[in-house]
Every structure is written in C-alpha cells, then in structure tokens.
Amino acid sequence: MCIRDSMKPIPKYLALLLIIIGFYACASTGSPDGGPYDEEPPKFVRATPAPNAINNTRKNVSIEFDEFINLENASEKVIISPPQREQPEVKTSGKRVVVKFIDSLVANTTYTIDFGDAIVDNNEGNPLGLFSYAFSTGPEIDTMAVSGTVLNAENLEPIKGIQVGLHKNLNDTAFTKLPFDRISRTDSRGQFTIRGIAPGKYRIYALQDGNQNYMYDSKTETVAWSDSLIIPSMAPALRHDTVWNEIDTTHIDTIYEVHYTRFMPDDIMMRAFKQESSLQYLAKSERPDTKKFALYFSAKADTLPTLRGLDFDEKQLIVEANQRNDSITYWVKDTTLCERDTLTIELKYLETDTLGKLVPTTDTLRMINKIPRERRLAMKKEADEKTEKERKKKEKKGDTIVVETPFLTMNVDAPSELDINRNIVLSFEEPVENIDTAAIHMQTMVDSVWQDTPFIFMADTIAPRRYEILANWQPGQEYQLTIDSLGFKGIYGLYTNKVENKLKVKTTDAYGTLYLNIVGAGPHAIVQLLNNSDAVIRQQPVSEKNTCDFYFLQPGTKYYIRLFNDTNNNGKWDTGNYDKKLQPEEVFYFPKTWEMKANFEFEETWNIHAIPLDKQKPNEIKKQKPDEAKKIKDRNKERAKNLGRT
C-alpha cells in the first residue's frame, strides 16, 4: 500500500504574495516619510566676472549657486550702484542670477549689486541672507560703506523704499542738477547701507524720486539731507554672538567673539519731509449739490479770490473759507438760483507763473449741478407720490395724520456726563442767518431749584457753522440747557426746534493727571497728547520751568506723547525747505504708553535726547511695521517630532 504526504507544496506565486503581505504588516501604518526637508540656503559657487574683479569691461554678470534659485521682489530689493539711467535686466536662469547692464560702464568706478535677502532656493524658499556682489572698471575696488535710518520728520515713521544717495560734488546744487554717485534704498525699518564707496568727503541725501532721475527737481518729492559732511572710515571691531540651545531655546549654549570690520558712520539719522508747495493755482472746482459750490487751490493764500456772477448776482453768495484760504465754499442763498443747472462765474486770483512769481489771472468757470434739473424734478415727484400714497393708506385705516413742520437741523453736543474741560457745541448743516441769543438759557441746580447761571456764546474761529456755549463748569454740578424754538434761523428760512438738555459735570476724581518734567527741549517747545491712532488730542507749550501738565485724562484710555521744537513760535509744526537749507522742526516721542487710571497722578522726567530717534516711537502706534525677517523654515524639527524622534 502506498502512503502519500497530505501536505501539498505551496505554489511559488502564493509564497511570494505572503512575503509581500508580511513585509507591509511589519511596516509603519503611517504615511511614508519623504525624507528630511532642505533647510540649507543656496551657496555661492562662482561668478563671472569674479567677485571684486578689477579692470572689468563686461556688461553681463553671471552669479552661480549650488542649487536652483528664485529672486523675490527683485525690483524692490535689488539695488545697483552707481544708479543707472536705464535699469539693468536682473533675472534667474536655473542656478544662476544674470544681470545685464544697459548703460555704458563708467571708467574707474566700483559697481555694487546688493541683493538683500531676495535670493532664495527654488524648493523651500530658504533665503541666502544679505548678499552683495561688486566689481570695478578700474585698477582698484572701493570697499567703504555708510549706513543709517530715514524717518518721516513729522511723526518719526520709518520710510520704506526711499532712495538714499551720496554726492562727491559738495556744492548744494549737485542734488538738484546731478544724479547720485552712490545709491541705496531703505528697508521696512527705514534702514539703509550704501556700499562701494571710495575714501573722501560726501554729502548725503534721501529722495522719494517720482520721475526716477536720481535728482531733486520737483517740490512734490519727499526729501532729506544731512547738514554734516559724510567721511567714510573703517576700524576693526568685536561683537559677541550667541548659539541657542537646540532643545531648550530659552537658554544660550555658547557665547563667542566675532572679529569684523566696522564701516562708519553707521548711525546717520535723516528726517524726510515734503516741502510745502508755494505754487499757487486753481486745483479743482466742483458743485457737490444744488446749494453750494467749492474752489480748491494748490497752496495757501493771503487773500481770497474775487468772484463775479456772469448770469446771477454774486451778492446771493455766502463765503466760507478755511484758515489757509485754499479751500473755499460758496453757499447760494437764493433758492431759485439753486435750481439752475449751471452758474457761470468770473474768477480773479493770483497764480504762480513760469518764473515763480504771482501774477493776476482770470478764469471763467461753469459750476454745473451734478444731477440735472429734469432728473431732480423726477426724483421729487417720485418722493411726493410715495408720501401721498402712504398718507392715503393711513387715512383709510383711520390713523391720525401728523403734518411735520420742517426745522433747521441743529446738532447739539451736550452729553449727560460732561467733561470738566469741554464745552457744549452746536453745529449746523447750512449757514445761520440769524441768532437770538436771548433764546438760549443755562441753569444750574441749587437746593433742588433751577437757577440761571451765566454763560458765553461764541462762534468757533476755525470750523464754520460751529458754535460753543462756555460756562464756569463746577465738578459734580447739574446743569440744564434750554434753547427756545425759533432761536436760530438758517439762510433758507428754516428755524430750529426747541431744545432741552440736562447734564452733569464729572467730578475731578473721575480723571487721571500726567505731570512731565522735560529735559533738552528748545525755547518754544510744544507737547502733544496723542491717542492710539497717533492723532493729536491736545497740545500745550512747555513752561519756563520745563514742565508740561495734562489734567482731566480719561481712565482706561491709552495716551502717547510727542514734542516738537516750535522754532518759529507759530504754534504748529513746520516742514523744511531745501532752497533755504531749512531743516524741518525737530520732533520727539516719549517711548512709553500711559494707560490712565481714575484719581491717579503720573509724574515723569523725559530727556528727549536719551535714546535715538528711530527707537523713540512706540510700536503700538507705528503705521509702518517692519517686514517679517526671512528665516530658514526649520521644518525638520517638526518632522522629527511627528515621527517620534528626538
């Protein structure tokens, strides 16, 4: 009898399948790891011409790196000096940056190409960092550098992207007649570095160059300059760098010394401004609605223009001008004239001619209504029909129909809790023709009885159609304002309705107080109290004892302080003038924020020169925020953490 084995051999294909299944069963159930991220920035390999080459005549520059690269914001970040009339072509090609000069190369000149952090690797965007390249068309290469900061002169905001240039021609007219010899551009912190400078003496300027010709030839351009000559120098220096612990990044592993060459000056501070225009011309005219038209001039004027109506009597106009006489509103009193589609006027004013002199000019202007008469009538008819329809609907329902009397709109700013340092304000949407001050009554509560109290009624000296009611406000006292109906009459015949407001003045312990002792201010310094929008709330001069106090400050409110040296003692900050070599008035910020508390007093001593200008303005109210520094992404640590590795 023949006995056979009951175990049959496993086919080869089945055995192979089991091996594959076993392999995957032993593998991790997570997603497959693609390997470490590339965290290495591009490395410089070579360049043609070589870095710091001399006697170069090639107009094409090729800079090669060890991996594929990109250029980020090349037009903003790449700076080529000396400035070029026709901008060179700057582009990437695989692992190379290629720069093609269009202008002819100037003999015996050092050329620098400053890339900043524009060069990044193609895959992860890792920045190379501050990278610059230079060559010379002569037998020597210049290596000096100067650096500093450009701030807005009025508010110490860093100015981003403004040109900063050097002139070796020390004549003041070089800035207005010649392009810069060396150039740079500020970053988001307002900081700049000019490289490739030869030893010597220079003048330095900043310029928001609208027409890109590298010279100051338009008063509309923002400008700054230093009164001191710039003399580049260099010296050996030492700094301490740190290595942070990779595991506990709050602790330092190593502090080590770095020897380097310091290029000076490296603390140039420039205050930029836009010069107030003195060119006088009619910039704009408009008729925003039927009742008024407006004229806008390019600069302030000592006198108002002369206006004559060609198809109406100009005596029917009421004139409202601002303090500068550069914005003028004309109200049309005659309602018949208001309905005309066009009012034609002859305007005589002073205009600046090509020689910069004011000459008499006459213009004929047609002030046209924005909405034609036919359309206005159609809109009125439509509104009247809608009103009549609603009236009939109410009549059918038996509702009481109330005919509303139109009144002159008067806005009364008299809060129920009045601040001690404020007054009651009345404002109107149209000019007031007649005021009956006898219709205004101010009373105060005495022994539960309202008694008349004296007050002053006066027109605002700056804002048109605005009036103030002043009284000797007593802390904690109750007051009542009453204005009888028909107290004010507008130019179109409407009267105001009756007003009755009760208010109570806050007590002194509801406020905070700030006392300032100021060191280093000029003889006519003015201190401004600011809100968190950098807007002026109040201002007052520094006393002869170099103090400045602010009372009745609101609790829970953040305050900031700015000071300017009012050199010409006119009560306002003034810009500079390059033609007169007049710098803008100096501005300083107290580098601190006060969050006021009720019934609390702060006293501070402020040396306005204690810290540099670019460190003074609190970051909370800076509008120009610094760009985030480009860093290596450092994603491998996160990857290792996800994989459970240390």
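Predicted model: local features only at pLDDT ≥ 70, side-chain atom pairs only at ≥ 80, totals over all residues.
Reader: Which geometry do the rings of F428 and F488 adopt?

Author: Ring pairs are classed by the angle between their planes: under 30 degrees is stacked, over 60 is edge-to-face, and the rest are tilted. The planes of F428 and F488 stand at 40°, with the centres 5.2 Å apart, so this pair is tilted. F428 belongs to strand β28 (residues 424-428) and F488 to strand β35 (residues 488-490); the pair links distant parts of the chain, 60 residues apart.

Reader: How many aromatic pairs does the structure hold?

Author: There are 29 aromatic pairs. One of them joins Y205 and Y578 edge-to-face, with 6.2 Å from centre to centre and 75° between the planes. Y205 is in strand β14 (residues 203-207), whereas Y578 is in the loop between β41 (558-565) and β42 (587-589), so the pair ties together parts that are 373 residues apart in sequence. Both Y205 and Y578 are buried.

Reader: Which residues do ring pairs link into a cluster with Y205 and Y578?

Author: The cluster also includes F175, F180, Y216, W225 and F273.

Reader: What does P83 touch beyond its neighbours in sequence?

Author: Leaving aside residues up to four places away in sequence, P83 touches F180, D181, I183 and Y214. P83 is placed in the loop between β4 (79-81) and β5 (89-93), and its relative accessibility of 14% means that it counts as buried. The C-alpha atoms of P83 and S184 are 8.8 Å apart in space, although 101 residues separate the two in sequence.

Reader: How are salt bridges to be read, and how many does the structure hold?

Author: The criterion is a side-chain nitrogen of Lys or Arg within 4 Å of a carboxyl oxygen of Asp or Glu. The structure holds 30 salt bridges. In one of them, the side chains of R465 and E320 meet at 2.5 Å, N to O. This pair links distant parts of the chain, 145 residues apart: R465 is in the loop between β32 (456-459) and β33 (466-470), and E320 in strand β22 (residues 317-321). R465 is partly exposed, at a relative accessible area of 22%, while E320 is buried, at 12%.

Reader: Which salt bridge does K506 form, and are its residues buried or exposed?

Author: K506 pairs with D419, the closest N and O atoms being 3.1 Å apart. Both K506 and D419 are buried.

Reader: Which residues are linked with D534 in a network of salt bridges?

Author: The network links D534 with E157, R562 and K617. Within it, the side chains of D534 and R562 meet at 3.7 Å, N to O. Both D534 and R562 are buried.

Reader: Which residues form a nonpolar patch on the surface?

Author: L170, L229 and I231 form this patch, with about 230 Å² of accessible area together. I231 is in the loop between β15 (222-225) and β16 (233-244) and counts as partly exposed, at 48% relative accessibility.

Conventions: Residues numbered from 1 in each chain as written. Heavy atoms only, no water. Patch = residues over 30% accessible without salt bridge, like charges linked within 9 Å, V, L, I, M, F, W, Y side chains within 5 Å. Areas by Shrake-Rupley, 256 points an atom, 1.4 Å probe, with all protein chains shown as cover. Helix = DSSP H or I, 4+ residues; strand = E, 2+ residues; numbered from the N terminus. Buried < 20%, exposed > 50% of the residue type's maximum accessible area, 1.4 Å probe, protein only. Contact = heavy atoms within 4.5 Å. Phe/Tyr/Trp six-rings, centres within 6.5 Å; stacked < 30°, edge-to-face > 60°.
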